Amino acid sequence: MNLRPAILSLGPALVLSLAGPARAAGPLNVVTTTEDLAAIAREVGGDKIKVESLSRGYQDPHFVEAKPSFIFKLNNADLLIAVGRELEIGWLPPLITQSRNSKVQPGGAGYLDASLNCRILEIPVGQITRAMGDVHPAGNPHYWLDPENGKRIAQAIEGKLTALSPDSAAYFSQREEDFERRVNEGLKRWLAVMAPYKGTKVVTYHRSWPNFAERFGLDVIGYVEPRPGIPPSPSHTLELIKEMKRLNVKIILVEPYFDLKTPNSIARETGAKVLVMPPSVGGEKEITDYIKLFDYDVNLLVTTFKSLGLK
Amino acid sequence: MPSFDRTLRLLLLSSVLLTTPAWAQTPPEPTPSPTPSPEPPAPPPPVEVPPGAAGAGGPSGPLPVYGPASSKVFNPDIAVIGDFLGAIGKNDSDRATPSLEMHETEASFQAIVDPYARADFFLVFARDEGGVEEGFITFTSLPANLLLKVGKMRASFGKVNQMHNHVMPWTERPLVTQNLVGGEEGISDAGLSLSRLFPNELLFLEATAEVYRGVSPELFRAPKRGDLTYVGRLRGYRDITESSNLDFGGSFAQGHNDAAPEFKTRLFGADLAFRWRPLRRAIYKRLILRTELVWSRREQEGGPVRAFGTYVSGEYQFARRWFGGVRLDRSERAGDASLVDKGASALLTYWPSEFSQVRGQYRHTRYAEGLRANELLFQFLFSIGAHGAHTF
């Protein structure tokens, strides 16, 4: 009789029977897929929660690597907040499956799709195919870039945190209201400085900005990508240059994770200016919270508009 | 091995027992939808099985009837992946691949089963044969950081054995897989896989124990019911920086081989991968260096044969759609370690989009018999349907 194989193959399994240490009570562990959601959760949860984002603000949230270290983070989470609308479809599902955490499974008590109450744009109607590029069938997932949606996300997070930690309901509610108040103040400020430039035509790299453009009155007339997720092609770039010249477009907005080669060459042809505009908290060092994200982006736009002498 | 069988039974029993609390939990409450959805259409009336009807004797009473439209939302995510392979050049060995072939068509069906589990099916049609490459249920709500998979699976032995053809960075599997780990099919069998996470501050640590029926073509066969295959794996992972990390593991597998009923083959494996991918330019640049080492001990007439094989591979993404790569192969043969196959490959892969790939591989092989092969292999991979996730 040879026990060696049994020990070798089942040794790890025998260790399994030693159950892991019980989780220490304390602040709720919240994991978010993006830094924007983490920032809003922090506003609502204060010191009653510990928040961690899986992706960084300067990273393309469509293409995050499903690193095993993320499995640990989900394993320990009381709440997982996702952007939804299939933004994370390429990397989040296997992490959730391997998390060994029933709370954060879709539909579980600790899973929140932050998009459910938000205003979602570009929900495709009619037949959609991948010939249109990497379209999101449930609508554009970059909805957090409208501060009105930021408030809705905060409300949804407050609801979830209250359900998970009813004793702190008043605390969460007070913090949520305070956040909404500051967003409203900010909105007034941002809308006021953007008002003179309402209808300014811009080109963006990816379709990241429909909610932002709608709220702040930008007119997105084209994209550097010929189709969502498809890298720039020479023929599309030529058409875009023609269109930009025709409409006298002077601004190209580029997310920090895209290559600047094509935008720069378009800018040379058209005399437009390339702005690297972060769509997320953490996209630049000084953007440490949700309100600073709009402070930064609006300020960047207005400064550029002024320097270009736009009206 | 009576005591070993007992250990195994105890383990399985304890794993079943451990699951009980999860099953006893009330299902998690569903997330409330923002707007009340319209009332679903009334389900069709249940069908009564008349007592004494033909085939009665089983449970009588209402049978579930599937409504024509209401069930569609629960259809699994479906995708189909085509893998077309071609070869140009000279290869006189019996392992030469055809000039042109639809190497494989894989259909996947994936969905959440209930609050406690999800299921994944991968049906594969290759040449004129169809089969289940994998089909398993994963219990996601077990206590004690356990994950249980039940069904037909690719075993957790090393890295390549767990990969489907279309996720490999090459057009074919390394020589060590072909010589020592069961070829393209690999260790793939019906069984149970139980794995556990060991949360700690230092590194990601996961232990997996698996038991299979004992039949993997080209590698294991089970003349008797008790001739099971056992697989164990310990996997570690650690982030070095936010852009780079190390992934490493050790594996073990044992089963009965085809030499004679009492003869066994035992495999040990070690794998190591280094990845670099700068977050700000994650869609343009990455580097992956990986290696696997496999030691085989095969019992057969005339005494056990110890054979060793390995590959070293590097892949570099130098533009959004372009990957280059190299792979070096060296492997002894399981039945005769004096026969050594060697190979070297250079690869270039182009991604028109996330859903298709075109790959070329120049491969030079020196087979143990003295044959030399110089080939250009090319591959078209294309995927339709649900957007799959990329495993790490």
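Modeller: Chain A has 10 helices and 8 strands. Both are DSSP runs numbered from the N terminus (helices: H or I, at least four residues; strands: E, at least two). The model is predicted, so local features need pLDDT of at least 70 and side-chain atom pairs 80 or more, while totals for chains, interfaces and linings use all residues. Residues count from 1 along each chain as its sequence is written, chains are lettered from A and ligands numbered from 1, in the order written.

The C-alpha trace of chain A spans about 80 × 55 × 40 Å along its principal axes. Of its 311 residues, 50% are buried (20 or more other C-beta atoms, placed from the backbone, within 10 Å of its own; exposed means 12 or fewer, partly exposed in between).

Let us look at helix 9 of chain A, residues 261-270. Its buried residues are A:Thr262, A:Pro263, A:Ile266 and A:Ala267. They sit on the same side of helix 9, because they cover an arc of only 140 degrees around the axis (taken from the directions from the axis to the C-beta atoms). On the other side, A:Lys261 and A:Arg268 are exposed. After helix 9 comes A:Gly271, with a positive phi near 70 degrees.

What do the buried residues of helix 9 pack against? They pack against helix 8 (234-247), strand 7 (251-254) and strand 8 (273-276) of chain A. Strand 7, helix 9 and strand 8 make a right-handed β-α-β unit (with the strands pointing away from the viewer, the path over the helix runs clockwise).

Strand 7 is covered on both faces. A:Ile251 and A:Leu253 are buried on one side, A:Ile252 and A:Val254 on the other. Strand 7 pairs in the parallel sense with strand 8 over 4 bridges (pairing takes at least two DSSP bridges). There A:Val254 stands opposite A:Val276. Strand 7 also pairs in the parallel sense with strand 5 (residues 200-204), over 2 bridges. Here A:Ile252 is the bridge partner of A:Val203.

Beyond neighbours within four places in sequence, its contacts (C-beta atoms within 7 Å) include A:Pro263, A:Ile266 and A:Ala267. A:Val224, A:Ala272, A:Val274 and A:Leu275 are also among them. Together with A:Ala41, A:Ile81 and A:Ile157, A:Ile252 touches the most other members of the largest nonpolar core, which has 81 residues (buried Ala, Val, Leu, Ile, Met, Phe, Trp, Tyr and Cys joined through C-beta atoms within 7 Å). Domain 1 (28-187) and domain 2 (193-307) of chain A both give residues to this core, so it lies between them (bounds from an automatic or database domain assignment).

Definitions and conventions. Two residues are in contact if their C-beta atoms, placed from the backbone, lie within 7 Å.
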